[in-house]
Amino acid sequence: MNIQAYQDSRVLNEFISGISAALFFIIEFLPVGLLFGTLAIDAGLSAAETAGMSSLVFAGASQFLALNLLNTGAAAGTIILAVFVINLRHVLMSSFVASVIPRCGILQRTVTGALVTDEGFALTSQQSASKTIVSPWFILGINVSLYIQWQLATLSGIYLGNILPQLQNTGIEAILYALFLSIMVLSICKRTDIIIALLAASIAVILNLTGYGSSAVLASSLISSFIGLGVYMWIRKSGSS
Amino acid sequence: MDTKIWLIIAGMAVVTFIPRIFPFFLINGNNLPPVLKEWLRLLPIVIFASMITPPLLLNKGSINPGAHLEEIIVVLTAAVTAYFTKKIPLCLGAAVIMVIITSAV
């Protein structure tokens, strides 16, 4: 096999394993997308607008937020600003994803980053816990898989929302959180990490209690990771002197 | 009405796309300073901690873990499994079994 063919087959393998790794999330995306499609039609959006939102935005929490605000008659600017605030957490997730792929061109990086989600980030960090470098094709596979799932689920909500019973959500949320926490446990490798995690959890709870829920993930992640970095630099400095 | 919705969708698309791709312009390759690497290493830990704790502990604007007792049991079971086995599929299996048990009780 020549080198080119070898590389092509590896690219394809990575892409396919990304697609299959993300298939698990159908247990979340199907009920949630179904609900989104149904609620959007109920809110008065057309089928094209609903499908358009899922395919152009591809962000569950933002789309539900937009529906809520549309129902209350909010101005366009308010909705877009609210969506921006809730999406700022993706800056952190994308930073992480960008740091685990090898050096590559701007086109490939844009394509890899374009569809970053909480779930894709979770799979990427799980993968990077065992490998130091993750193939961008693996990540693209994850993202394409999740994207297609989300579109199909939205479409079923649009056209079958009034026929299909809404799937029971009980248990799915718990399994999703269980996955996220398990990945978090695998990412912990120092004792101080546990303290940083508890700190992040506490700050997020306080921000939610004080009405800053929409920016809680971003703010508490930033604050606690910088404190963690401070501890790291302090230990490194006192260790070397 | 129609144009307004499409304008909102376009605006949402832009403000979702920018935070997603912006870091890819700053970070290219794994050859990063150790301090930045350490910060990035902490991100999955702090992000997941911030994401899952509020919905598990809070109920109607106050701290009430009792309202999510089943979920907390499921999540902690997975965490313990992760700690001992280091295998995500086993964690998911344990979580699913716990969901079945807690919903049957």
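**Notebook: helices of chain A**

I looked up where two helices meet: A61(A), S62(A), L65(A), A66(A), L69(A) and L70(A) in α4(A) are in contact with T78(A), I79(A), A82(A), V83(A), I86(A) and N87(A) in α5(A). By class, this contact of α4(A) with α5(A) has nine nonpolar, three polar and no charged residues. I counted Ala, Val, Leu, Ile, Met, Phe, Trp, Tyr, Cys and Pro as nonpolar, Asp, Glu, Lys and Arg as charged, and the others, Gly among them, as polar. Two residues are in contact if their C-beta atoms, placed from the backbone, lie within 7 Å.

I noted that this is a predicted model, in which local features need pLDDT of at least 70 and side-chain atom pairs count only at pLDDT 80 or more, while totals for chains, interfaces and linings use all residues. Residues are numbered from 1 along each chain as its sequence is written, and chains are lettered from A and ligands numbered from 1 in the order in which they are written.

I then took the geometry of the pair. α4(A) and α5(A) (residues 76–87) pack at an angle of about 155 degrees, with their axes 10 Å apart; axes are lines fitted to C-alpha atoms, for helices over the stretch in contact, and angles run from 0 to 180 degrees between N-to-C directions. The two helices are therefore roughly antiparallel, a term for angles over 145 degrees.

Next I examined α2(A). How far apart are the end C-alpha atoms of helix α2(A)? They are 23 Å apart, which agrees with the 24 Å that its 17 residues (26–42) should span at 1.5 Å a residue; the expected span is 1.5 Å times one less than the number of residues. I listed its buried residues, among them F29(A), V32(A), L34(A) and F36(A). A residue is buried if 20 or more other C-beta atoms lie within 10 Å of its own. Their cover includes α3, α4, α9 and α10 of chain A. After α2(A) comes G44(A), whose phi is positive, near 100 degrees.

Finally I considered the whole chain. Chain A has 12 helices and zero strands; helices (H or I, at least four residues) and strands (E, at least two) are DSSP runs, numbered from the N terminus. Of its 241 residues, 44% count as buried. I found 71 residues of chain A in contact with 59 residues of chain B. α10(A) gives the most to that side of chain A, with 14 residues.

Note on methods. Buried ≥ 20, exposed ≤ 12 C-beta atoms within 10 Å, placed from the backbone. Parallel < 35°, antiparallel > 145°, perpendicular 65-115°, else oblique.
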